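Subject: Structure for your files

Hello,

Here is the structure you were waiting for, followed by notes on what turned up in it. Please have it open while you read.

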Amino acid sequence: MSEIHSASDIISNLFGSIEKSTFDAANTVVSTWKTIMLSIKGNGENGSMTGQNLADHTRVIDLKNGNLLIETDHPGWIQLLKLHNRYILTGLKKRCPTLNIRIISYRLKGSSASFAGTGNSMEREKVAEVLDRRYKSIEEYDKTYYVSDHKHRSPEEVPEAIRKIFENFGK
């Protein structure tokens, strides 16, 4: 015979091991992220559209060791976020000083990129060594990522909102 459990018991068992401060920090960073995104003004006729688009196409994934991981649904949004990175990071530091956010990392939706676990320092050193060998500099990484990415994308695949934003940069 199966036991019947109340919804509150199930939720308590599921989330009981997570501290309230963790939930509070998560809520703070998510709401702050949206506020900062909405404050970004774009170029062109409908400048406020940039911040709303960034808010709509990004989401907070994780915060670990001062590194905030953000997910987007298109590489063009990552480019726009990188253009505003200093502004975003400054806003996060001012609005959430206790979270000690030092770095913002971005990943494309559907990728398995995530923060390393709590493995030992030997594992981290091996990962760092592999990354150092693979990408000798940030510029080389960017070139590798964007060249290979653009080989598979036609201009028609870029969302209209992103194309308009980049067209306005030229003006």
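R59 and E71 form a salt bridge in which the closest N and O atoms are 2.9 Å apart (a salt bridge being a side-chain nitrogen of Lys or Arg within 4 Å of a carboxyl oxygen of Asp or Glu). R59 lies in strand β1 and E71 in strand β2, so this pair ties together parts that are 12 residues apart in sequence. Helices (H or I, at least four residues) and strands (E, at least two) are DSSP runs, numbered from the N terminus.

Before going further, the basis of these notes. This is a predicted model, in which local features need pLDDT of at least 70 and side-chain atom pairs count only at pLDDT 80 or more, while totals for chains, interfaces and linings use all residues. Residues are numbered from 1 along each chain as its sequence is written, and side-chain values use heavy atoms, with hydrogens and water left out.

Salt bridges

By the rule above, the count is two salt bridges. The other joins E71 to R107, with the closest N and O atoms 3.0 Å apart. E71 is in strand β2 and R107 in strand β3, so this pair ties together parts that are 36 residues apart in sequence.

R59, at 48%, counts as partly exposed. Here buried means under 20% relative accessible area, exposed over 50%, and partly exposed in between (1.4 Å probe, protein chains only).

The strands

β1 (58-64) and β2 (67-72) pair in the antiparallel sense over six bridges; two strands count as paired if DSSP finds at least two bridges between them. K64 has N67 of β2 as its bridge partner. The two strands form a hairpin with two residues between them, and N65 in the turn has a positive phi of about 55°. Most residues other than glycine have a negative phi. N65 counts as exposed, at 66% relative accessibility.

N100 also has a phi near 55°, again a positive value in a residue other than glycine. N100 sits in the loop between α5 (85-95) and β3 (103-108) and is partly exposed, at 44% relative accessibility.

β2 and β3 run parallel and are joined by six bridges. T72 has L108 of β3 as its bridge partner.

Why is β2 described as enclosed? Six of its six residues are buried, so β2 is largely enclosed by the rest of the structure. Both of its faces are covered, with N67, L69 and E71 buried on one side and L68, I70 and T72 on the other. In a regular strand the side chains alternate between the two faces of the sheet.

T72 has 1% relative accessibility. Leaving aside neighbours within four places in sequence, T72 is in contact (heavy atoms within 4.5 Å) with H57, T58, W77, I78, L81, R107, L108 and K109.

N53 lies in helix α3 (residues 49-56) and is buried, at 8% relative accessibility.

I165 is one of the buried residues of α8, along with I162 and N168. Seen down the axis of α8, the buried residues fall within an arc of 125°, so they line one face of the helix; the arc is that of the directions from the helix axis to the C-beta atoms.

F169 is also in α8 (residues 160-170), but is partly exposed, with a relative accessible area of 37%. Together with L83 and F166, F169 makes a nonpolar surface patch of about 290 Å². Patches are made of residues with over 30% relative accessible area and no salt bridge, like charges being joined within 9 Å and nonpolar side chains (Val, Leu, Ile, Met, Phe, Trp, Tyr) within 5 Å. Accessible areas come from the Shrake-Rupley method with a 1.4 Å probe; for residues, only the protein chains shown count as cover.

The chain as a whole

The chain has eight helices and three strands, in the order α-α-α-β-β-α-α-β-α-α-α from the N terminus. Of its 171 residues, 26% are buried. Among contacts between residues at least 6 apart in sequence, 65% join residues at least 24 apart. The chain exposes about 12100 Å², with carbon and sulfur atoms supplying 54% of it.

Regards
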